[in-house]
Each structure stands twice: as C-alpha cells, then as structure tokens.
Amino acid sequence: MKVVFTVFPETKDRDLQTEINCLPPDAEILRAVYEPEHLDAYYEILSQADAVISDFAPIRKEAIDRMQKCKIIALETTGFNFVDVEYAKSRGIAVTNVSGYCTQEVADHTLALILSLERRFPYLRRRIEEDYAWEMETIQKMGVHRIEGQTLGIIGFGKIGKAVAQRARSFGMKIVAYDPYVSKEVMDNMNVNRAELDELLEISDIISVHMNLTEDNEGLLNMDMFRKMKKQPFLINVARGGAVVEADLVQALDLGLVKGAALDVLESETPDLTKNPLLHRDNVILTPHTAFYSDEAYRISLEIGAYNARYYCEGKTGQVQNLL
C-alpha cells in the first residue's frame with residue numbers, strides 16, 4: 001500500500017509519525033510537494049498512490065487524472081474546497097474529511113476574537129508597547145460597548161455555529177442565524193432566531209462566519225453585502241478565507257461600513273503579508289489559520305485521516321468516517 005501525503009514546501013519535512021502509527025506496518029510512505037512551478041513532479045508522485053492523505057494542498061482534475069491506482073483521498077481537514085470532490089468520485093475515488101474534531105477550539109477562538117475586538121485589545125496593546133501610553137482618554141472616543149444585549153449574527157449553523165451560539169448566550173447576547181440547510185425548529189430549540197441573510201446583515205452588531213466554502217457561497221461577503229450592514233458590525237471569519245472578498249473588506253473598513261474584523265483565514269493559504277492592507281490596523285486582528293488548533297484536536301484530525309485511508313483500502317468501509 002503506497003500512501004502519498006500532499007504537503008506544501010514549508011511543511012514537507014513535518015513529522016508524519018502520528019499518521020504512520022495508524023497505517024499498516026508495511027505501508028510505503030511518499031510525499032508529494034505542491035509547488036505551482038513543479039506540478040509535473042507533484043503529479044508523478046500522486047500517480048503512484050493507493051491512498052492520498054492531504055491537508056490543504058490542492059488536488060484538482062489534472063492531478064486526479066494521474067491517480068489511476070488511487071482508491072481514496074483522505075483529508076485531515078474539515079474543509080474540502082481545495083479538492084475537486086465530485087470529479088474524484090466520478091473517477092471512482094472516495095473522498096473523506098474530518099468533522100467535529102475541533103468544534104470546541106474554533107468556538108473558543110471565535111469568542112476570544114469577539115471579546116478582543118470589542119474590548120479594543122489591538123489598539124490598547126499598540127499604545128502600550130509602541131507609545132508607552134498608559135491612559136484611557138482616547139479609547140473613550142472609539143466607542144466600547146457592553147457585550148450583553150448585543151446581537152450576534154451567525155452565518156452557517158452547523159456544529160461550530162451551534163457551539164458559538166451556546167458560548168455567546170452565556171455573555172447575554174441575542175443570537176440570530178442564517179443557514180438554509182437548518183430548520184427553524186432546530187434553531188428554536190436553541191433559542192436562536194432564524195433569519196434570512198439580508199435581515200441578519202441588517203440587525204447584527206457582530207457577524208461571525210462558520211459555513212463550509214462551496215461554489216455557491218464563494219465571495220458571499222462582498223461590497224454589496226457590506227453595504228447592507230446597517231449597524232457597522234464587527235466581522236469574524238474563522239471558516240474559509242474565500243467566503244470574504246478581501247479587497248472589498250478593506251474598502252468597507254476604510255469607509256466605516258464595518259467597524260472592525262478578526263480573521264483566522266485569508267483568501268490565500270499562503271498570503272504575502274508584506275503587501276496585505278489588512279495589517280497594521282487597530283481594528284483588525286489576524287491569526288494564521290490556527291482557530292482549529294489544540295494539541296488534542298490536531299492529533300485527532302491526523303488519526304481520523306490516516307485511519308480513513310487504511311480502512312477504505314482494506315475494504316472496511318463501515319469504519320470509514322465522513323465520506324463526502
């Protein structure tokens with residue numbers, strides 16, 4: 001059994017021991033390094049795979065066409081927008097992701113970002129560390145508001161959206177949610193008001209994005225949507241960077257349509273931060289796609305991905321989790 005791990009150049013040397021411990025002892029381990037300028041080498045290694053295990057390195061049609069032996073693409077991530085899933089399935093290749101392994105971490109990260117924005121931590125830290133200023137006068141001019149009583153709009157009400165709602169309610173927030181795939185009854189049972197997207201944008205003080213990225217919702221939050229945000233909310237995105245049109249968000253921040261933003265993801269998984277206009281703003285927080293991370297969650301995601309690859313290749317499909 002040849003197992004190919006797809007990796008980026010910066011992660012090509014990462015320790016795979018956790019996954020290897022879950023694979024058959026005689027499995028042959030290969031690494032396919034995704035470099036746009038060397039795709040032929042990437043494709044060549046993928047062509048040898050009985051199973052592919054991936055964490056964000058793209059697997060598009062051109063790659064799948066080379067994977068003549070492959071039985072499964074086992075993802076170590078919840079998101080799967082970097083894989084042509086339907087095309088892979090049409091070629092007889094199963095695709096799995098991991099789900100629920102980091103619900104607590106992402107929900108905790110979301111609340112931490114909300115509190116940090118609302119309490120103006122980026123500004124206060126800069127004033128102390130750069131200006132050595134120990135004062136409160138300027139923050140009084142910025143507008144700092146009590147969390148209790150504010151309306152949190154959640155876009156995407158899956159496991160993570162629900163966990164965020166539970167945590168936010170403990171702060172006394174009002175919760176509204178938009179998710180066309182979740183019934184009003186489910187939301188009512190959690191004391192969450194179901195709203196259409198335009199209504200949520202209009203009434204929310206804080207908007208938090210928790211949806212999977214698909215062709216239908218890519219670029220959902222664009223300038224047209226920012227102009228519908230009547231309360232100049234804070235925007236949180238810990239889902240996928242492609243849900244937000246970055247250039248439009250920059251413009252919305254400059255125009256005051258959005259009060260501030262906290263982003264764990266950007267449009268690119270490998271952004272050039274030296275040229276990113278979201279940096280060096282007192283009302284923006286960036287974290288490097290780490291909302292999912294804890295030592296425990298990371299280990300679980302690696303194990304699920306590896307076991308999915310093993311079980312599927314061994315014909316134990318009943319033990320495979322999260323077939324897409």
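# Reading the helices and sheets

Q: Which residues in H5 and H8 meet?
A: In this predicted model, Thr103, Gln104, Val106, Ala107, Asp108, Thr110 and Leu111 in H5 meet Lys159, Ile160, Ala163, Val164, Arg167 and Ala168 in H8.

Q: At what angle do the axes of H5 and H8 cross?
A: The axis of helix H5 (residues 103-118) and that of helix H8 (residues 159-169) cross at roughly 50° and come within 9 Å.

Q: Is the crossing of H5 and H8 right-handed or left-handed?
A: The crossing of H5 and H8 is right-handed.

Q: In what order do the 7 strands of the open sheet stand?
A: Strands of a sheet pair through backbone hydrogen bonds, either parallel or antiparallel. Here the order of the 7 strands is S8-S7-S6-S9-S10-S11-S12, and the pairing is parallel. Strand S8 (193-194) and S12 are at the edges with a single partner strand each, so one side of each has no neighbour in the sheet.

Q: How many residues of strand S6 are buried?
A: In S6 (residues 151-155), 5 of the 5 residues are buried, so the strand is largely enclosed by the rest of the structure.

Q: Which residues of S6 point one way, and which the other way?
A: In a regular strand the side chains alternate between the two faces of the sheet. In S6, Thr151, Gly153 and Ile155 point one way, while Leu152 and Ile154 point the other way.

Q: How many bridges join S6 to strand S7?
A: S6 and S7 (residues 174-178) run parallel and are joined by 5 bridges. Within this pair, Gly153 stands opposite Val176 in S7. The chain gets from S6 to S7 through H8, and this β-α-β crossover is right-handed.

Q: How many bridges join S6 to S9?
A: S6 and S9 also run parallel, with 4 bridges between them. Ile154 is placed opposite Ser208 in S9.

Q: Which residue in S10 is the bridge partner of Val209?
A: The partner of Val209 is Asn237. Strand S9 (residues 206-209) pairs with S10 in the parallel sense over 4 bridges. S10 is in turn joined to strand S11 (residues 260-263) by 4 bridges, and these two run parallel. There, Phe234 has Gly260 of S11 as its bridge partner.

Q: What do S10, helix H12 and S11 make?
A: S10, H12 (residues 246-255) and S11 make a right-handed β-α-β unit.

Q: Which residues in H12 are buried?
A: Glu246, Asp248, Leu249, Val250, Ala252 and Leu253 in H12 are buried. These buried residues pack against helix H11 (223-226), S10, S11 and strand S12 (284-286). After H12 comes Gly256, with a positive phi near 80°.

Q: Over how many bridges do S11 and S12 pair?
A: S11 and S12 pair over 3 bridges, in the parallel sense. Ala262 stands opposite Ile285 in S12.

Q: Which strands does H5 lie across?
A: H5 lies across S6, S9, S10, S11 and S12, and runs at about 155° to S10. H8 packs on the sheet as well, touching S6 and S7, with its direction at about 170° to that of S6.

Q: In what order do the 5 strands of the open sheet stand?
A: The order of these 5 strands is S2-S1-S3-S4-S5, and the pairing is parallel. Strand S2 (28-33) and strand S5 (94-96) are the edge strands, each pairing on one side only. From one strand to the next the twist averages 20°.

Q: Over how many bridges do strand S1 and S2 pair?
A: S1 (residues 2-7) pairs with S2 in the parallel sense over 6 bridges. Phe5 stands opposite Arg31 in S2.

Q: Which strands does helix H2 touch?
A: H2 (residues 39-46) packs on the sheet and touches S1, S2 and strand S3 (51-54), its direction making about 160° with that of S2. Helix H13 (residues 295-313) also packs on the sheet, where it touches S3, strand S4 (72-75) and S5; the direction of H13 makes about 160° with that of S4.

Key. Residues are numbered from 1 along each chain as its sequence is written. This is a predicted model: local features need pLDDT of at least 70, side-chain atom pairs count only at pLDDT 80 or more; totals for chains, interfaces and linings use all residues. Side-chain values use heavy atoms; hydrogens and water are left out. Two strands pair if DSSP finds at least two bridges between them. Axes are lines fitted to C-alpha atoms, for helices over the stretch in contact, and angles run from 0 to 180 degrees between N-to-C directions. Contact means heavy atoms within 4.5 Å. A crossover is right-handed if, with the strands pointing away from the viewer, the path from the first strand over the helix to the second runs clockwise. A crossing is left-handed if the near helix is turned anticlockwise from the far one by less than a right angle, and right-handed if clockwise. Buried means under 20% relative accessible area, exposed over 50%, partly exposed in between (1.4 Å probe, protein chains only).
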